[in-house]
Amino acid sequence: MSAPPLGERGPLLEALCELVERAGELVLEVYGTDFAVADKGPGDHLTEADRRANAFLCAALAERFPGVPVVAEESAPASYRGFAGAEAAFFVDPLDGTSEFVARNGEFVVMVGLAERGRAAAGAIYAPTRGLAWAGAPGFGAYERERGGTARPLGVSGALRLSEAKLVVSRSRRSERLEGALAALGAAEVRPLGSSGLKAAEVARGGADACVQLGRSGSLWDLCAPDALVTAAGGRYTDAAGAPIAYDREGLEHASGIIVSNGRLHEALVSALAGR
């Protein structure tokens with residue numbers, strides 16, 4: 001299959017959806033086995049599913065979009081050296097929510113995001129256990145579809161007040177600092193959910209009004225596709241101070257928190273979390 005030009009958002013999103021869905025098949029193959037688990041660091045797991053999906057996506061993106069750097073979680077840094085100076089770059093999380101994969105609760109996704117000139121420009125997220133894909137590009141729009149099904153447009157919720165807001169938060173990365181912040185927000189509902197991609201999809205489809213995380217919030221491959229999706233659906237995706245995420249920097253770790261919202265609640269969230 002020939003690759004569409006990056007600027008043709010509709011065909012680009014279709015191509016990315018196809019790739020994350022195919023990678024999702026590889027992930028499910030491993031999920032159905034008695035797989036081994038290695039640790040890259042405290043609470044940072046690695047499985048054969050991560051490796052297989054990473055290898056497939058990197059090879060497929062390199063073939064279809066030659067010359068565009070591919071910044072992938074399980075790849076050697078040398079393979080994407082200099083990406084920050086490129087006009088565009090792909091960010092790949094081959095298995096977002098590996099802890100949930102290991103726990104076998106189904107809350108994990110495959111994600112590919114595209115950044116252009118340092119901003120999230122397109123993204124596709126696939127939940128293998130649900131058979132659902134979400135894709136979007138700012139200025140183009142966002143949609144959800146079952147594999148092989150018809151795309152349905154996505155749009156964020158209309159909630160206007162924190163007191164009526166439904167929040168989704170990390171299932172596995174809960175600190176005392178975050179718990180204190182959540183109490184201060186006074187939201188109507190706080191629901192734990194694995195995978196940054198799944199939480200972003202909940203906000204993009206209006207199933208939740210916002211998501212917050214303080215401090216260390218993953219790496220750029222955890223953020224790019226969700227950022228593009230939520231923004232395309234009419235929401236906002238920033239750091240905890242309300243600044244947009246920059247993807248044209250060599251430092252991949254993101255340590256300044258994230259606020260994901262329907263847009264209407266964003267400033268109130270930034271204000272309520274200031275100094276926390």
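# Close-up views of a predicted model

**Figure 1. Aromatic pairing around Tyr31 and Phe108.** In this predicted model, the count of aromatic pairs comes to 8. Y31 and F108 form an edge-to-face pair, because their ring centres are 4.9 Å apart and their planes meet at 65°, where an angle over 60 degrees counts as edge-to-face. Y31 belongs to helix α1 (residues 9-31), whereas F108 lies in the loop between α3 (98-103) and β5 (109-116); the pair therefore ties together parts that are 77 residues apart in sequence. Both Y31 and F108 are buried. F108 also pairs with F101, again edge-to-face, with 5.0 Å from centre to centre and 75° between the planes. F101 is buried, as is F108. Through ring pairs, Y31, F35, F101 and F108 are linked into a cluster.

**Figure 2. Phe108 in its loop.** F108 is found in the loop that runs between α3 and β5. The relative accessibility of F108 is 0%, so this residue counts as buried, the limit for that class being under 20%. P94 is 14 residues away from F108 along the chain, and the C-alpha atoms of the two are separated by 10.0 Å.

**Figure 3. Arg104 over the ring of Tyr31.** R104 is placed in the loop between α3 and β5. R104 lies over the face of Y31, at 5.7 Å from the ring centre. With a relative accessible area of 41%, R104 is partly exposed, whereas Y31 is buried. The backbone of R104 has a phi near 60°, a positive value in a residue other than glycine. Most residues other than glycine have a negative phi.

**Figure 4. Ser195 and its positive phi.** S195 occupies the loop between β11 (189-193) and α5 (196-204). The phi angle of S195 is near 75°, which is positive although the residue is not glycine. S195 has a relative accessible area of 6% and is therefore buried.

**Figure 5. The largest cavity and its lining.** The structure holds 1 cavity of 30 Å³ or more. The volume of the largest cavity is about 60 Å³. Its lining is made up of 13 residues, and those nearest the centre are A86, A89, G118, Y247 and D248. Two elements, β4 (88-96) and β5, each give two or more residues to this lining. The greatest contribution to the lining comes from β4, with 3 residues. By residue class, the lining of the largest cavity comprises 8 nonpolar, 1 polar and 4 charged residues.

**Figure 6. Asn54 within helix α2.** N54 is located in helix α2 (residues 48-64). The relative accessible area of N54 is 4%, so the residue is buried. Leaving aside residues up to four places away in sequence, N54 touches A72, E73, E74, S75 and P94.

**Figure 7. Ala124 in strand β6.** A124 is found in strand β6 (residues 119-127). Its relative accessible area is 0%, and A124 is therefore buried. When residues up to four places away in sequence are not counted, A124 touches L16, C17, V20, V110, M111, V112, W134, A135 and A225. Among these contacts of A124 are L16, C17 and V20, which fall within the range of helix α1 (residues 9-31), and V110, M111 and V112, which fall within the range of β5 (109-116). A124 and L13 are 111 residues apart in sequence, yet 6.7 Å apart in space, C-alpha to C-alpha.

Figure 8. A243 lies in the loop between β13 (236-238) and β14 (258-261). The relative accessibility of A243 is 30%, so the residue counts as partly exposed. A243 and V270 are 27 residues apart in sequence, and their C-alpha atoms are 9.8 Å apart in space.

Definitions and conventions
Residues are numbered from 1 along each chain as its sequence is written. This is a predicted model: local features need pLDDT of at least 70, side-chain atom pairs count only at pLDDT 80 or more; totals for chains, interfaces and linings use all residues. Side-chain values use heavy atoms; hydrogens and water are left out. Rings of Phe, Tyr and Trp (its six-membered ring) pair if their centres lie within 6.5 Å; planes under 30 degrees apart count as stacked, over 60 as edge-to-face and the rest as tilted. Helices (H or I, at least four residues) and strands (E, at least two) are DSSP runs, numbered from the N terminus. Buried means under 20% relative accessible area, exposed over 50%, partly exposed in between (1.4 Å probe, protein chains only). A charge sits over a ring if NZ of Lys or CZ of Arg is within 6 Å of the ring centre and within 35 degrees of the ring normal. On a 1 Å grid over the protein atoms alone, a cavity is a set of points where a 1.4 Å probe fits but cannot get out, and a pocket is an open set with protein on both sides within 12 Å along at least five of seven lines; lining residues have an atom within 4 Å of a point. Grid points are joined across faces, edges and corners, and a volume is the space filled by probe spheres set on the points. Ala, Val, Leu, Ile, Met, Phe, Trp, Tyr, Cys and Pro count as nonpolar, Asp, Glu, Lys and Arg as charged, and the others, Gly among them, as polar. Contact means heavy atoms within 4.5 Å.
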